[in-house]
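Let's take a walk through a protein model together. Have the structure open next to you and follow along.

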Amino acid sequence: MPNNQTVLIVDDEVNICELIRLYVEKEGYHVVIAHDGQEAVDKFKSTSPDMVLLDVMLPVKDGWQVCREIRAIDNTPIIMLTAKGETFDKVLGLELGADDYIVKPFEPKELIARIKAVLRRSESYSKGENAEEDGELRFDGLRINQATYEIYLDDKKIEMPPKEFELLYFLAKNTNKVFTRDQLLDEIWGYEFFGDSRTVDVHIKRIREKIETEGKNWHLKTVWGVGYKFEVDQK
């Protein structure tokens with residue numbers, strides 16, 4: 001069924017691009033293809049796709065650099081494609097702002113499922129869909145609004161991609177309750193994420209960099225050997 005959403009596929013292997021195109025177009029998406037990093041950045045700027053499937057190993061500019069340049073423009077969802085699968089690559093991609101990753105070779109059904117999941121979250125982020133009627137959490141100088149996917153710290157708007165927002169909102173909604181990394185993976189990502197608990201660590205790190213400040217009665221706390229919690233001093 002046509003949905004008017006555009007997917008930018010970036011891979012230097014023509015056959016891989018055409019294979020992905022086949023499955024993605026079958027789901028009703030419009031496809032744009034780029035075979036090197038510079039072409040990817042140019043086509044991103046000219047077509048404004050709804051999401052990007054981005055290979056790591058590219059000529060001219062590698063996937064990491066392309067990811068950086070896209071993130072400097074906006075929060076369009078990015079799924080990294082890697083043939084390596086090392087934890088370092090996965091974590092680096094997430095640190096640069098990628099929303100997900102998938103290791104080649106992959107099953108087409110899994111790729112489509114990940115595309116749909118990432119786009120659903122992106123749509124909720126931009127439109128405030130599927131939110132609670134009164135979804136704003138308020139703490140000392142911090143407001144987290146689920147209806148608008150907006151965060152304000154001391155009245156300053158904090159930019160945060162969908163998964164970071166959802167992770168923070170979930171922890172803050174369950175104040176002082178500890179969750180393991182696996183529980184958070186299940187709650188926020190909703191499907192098996194290669195069992196890589198460092199995914200959670202990376203997102204927690206990025207959230208802390210954006211909201212941690214002195215003099216507040218709340219903070220995102222690591223519970224060593226267990227997981228994380230949003231701790232609020234009740235005194």
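## Starting at a buried isoleucine

Leave out the neighbours within four places in sequence, and isoleucine 211 is in contact with Leu153, Ile158, Met160, Leu168 and Trp218. Keep in mind as you look that this is a predicted model. Isoleucine 211 sits in helix α8, which covers residues 198-211. Is isoleucine 211 buried or exposed? Its relative accessibility is 1%, so it counts as buried.

Now look for leucine 142. It is 69 residues away from isoleucine 211 in sequence, yet the two C-alpha atoms are 8.5 Å apart in space.

## A sheet of four strands

Which strands make up the open sheet of 4, and in what order? They run β6-β7-β8-β9, with antiparallel pairing. β6 (136-139) and β9 (156-158) are the edge strands, and each has a single partner, so one side of each has no neighbour in the sheet. Going from one strand to the next, the twist averages 20°. As background, strands of a sheet pair through backbone hydrogen bonds, either parallel or antiparallel.

Zoom in on one pair. β6 and β7 (residues 142-145) are joined antiparallel over 4 bridges. Here phenylalanine 139 stands opposite leucine 142 in β7. Then there's helix α6 (residues 162-173), which lies across β6, β7 and β8 (150-153) and runs at about 110° to β7.

## A sheet of three strands

There is also an open sheet of 3 strands, in the order β10-β12-β11, again with antiparallel pairing. Its edge strands are β10 (179-180) and β11, each pairing on one side only. β10 and β12 run antiparallel and are joined by 2 bridges. Check out phenylalanine 179, which stands opposite tyrosine 228 in β12.

Helix α6 turns up here too: it packs on this sheet, touching β10, β11 and β12, and its direction makes about 60° with that of β12. Helix α8, where we began, lies across β11 and β12 and runs at about 155° to β11.

## The nonpolar cores

How many residues are in the largest nonpolar core? It has 29, and those with the most contacts inside it are Ile144, Ile151, Leu168, Leu171, Leu184 and Phe230. The elements giving two or more residues to this core are β7, β8, α6, α7 (181-189), α8, β11 (218-223) and β12 (227-232). Helix α6 gives the most, with 7 residues.

Take isoleucine 151 as an example. Leaving aside neighbours within four places in sequence, its contacts include Leu142, Ile144, Ile158, Met160, Phe165 and Leu168. Apart from this core lies another one, of 24 residues, with Ala40, Trp64, Ile78 and Met80 among them.

## Charged pairs

Side chains of opposite charge can pair when their charged atoms come close. This structure holds 21 salt bridges. One of them joins arginine 21 to glutamate 18, with the closest N and O atoms 3.2 Å apart. Both are in helix α1 (residues 14-26), and because they are 3 residues apart there, about one helical turn separates them. Arginine 21 is partly exposed at 25% relative accessible area, and glutamate 18 is partly exposed too, at 39%.

Helix α5 (residues 108-127) has a pair of its own: arginine 114 and glutamate 110 are 4 residues apart, about one turn of the helix. Their salt bridge has its closest N and O atoms 3.0 Å apart. Arginine 114 is buried, with a relative accessible area of 3%, whereas glutamate 110 is partly exposed at 30%. Elsewhere, glutamate 69 meets lysine 61 in a salt bridge of 2.8 Å, N to O. Lysine 61 is buried, with 19% relative accessible area. You'll also find a network of salt bridges linking Glu136, Arg138, Arg143 and Asp155.

## One more arginine

Finish with arginine 71, in helix α3 (residues 63-71). Its relative accessible area is 16%, so arginine 71 counts as buried. What does its side chain make a polar contact with? The partner is the side chain of aspartate 99, at 3.0 Å. Beyond neighbours within four places in sequence, arginine 71 is in contact with Thr76, Pro77, Ile78, Leu96, Gly97 and Asp99.

Key. Residues are numbered from 1 along each chain as its sequence is written. This is a predicted model: local features need pLDDT of at least 70, side-chain atom pairs count only at pLDDT 80 or more; totals for chains, interfaces and linings use all residues. Side-chain values use heavy atoms; hydrogens and water are left out. Two strands pair if DSSP finds at least two bridges between them. Axes are lines fitted to C-alpha atoms, for helices over the stretch in contact, and angles run from 0 to 180 degrees between N-to-C directions. Contact means heavy atoms within 4.5 Å. Buried means under 20% relative accessible area, exposed over 50%, partly exposed in between (1.4 Å probe, protein chains only). A polar contact is a pair of N or O atoms within 3.5 Å; within protein, one must be able to donate a hydrogen and the other to accept it, and residues adjacent in sequence count only if both atoms are side-chain atoms. A salt bridge is a side-chain nitrogen of Lys or Arg within 4 Å of a carboxyl oxygen of Asp or Glu. A nonpolar core is a set of buried Ala, Val, Leu, Ile, Met, Phe, Trp, Tyr and Cys residues joined through side-chain atoms within 4.5 Å.
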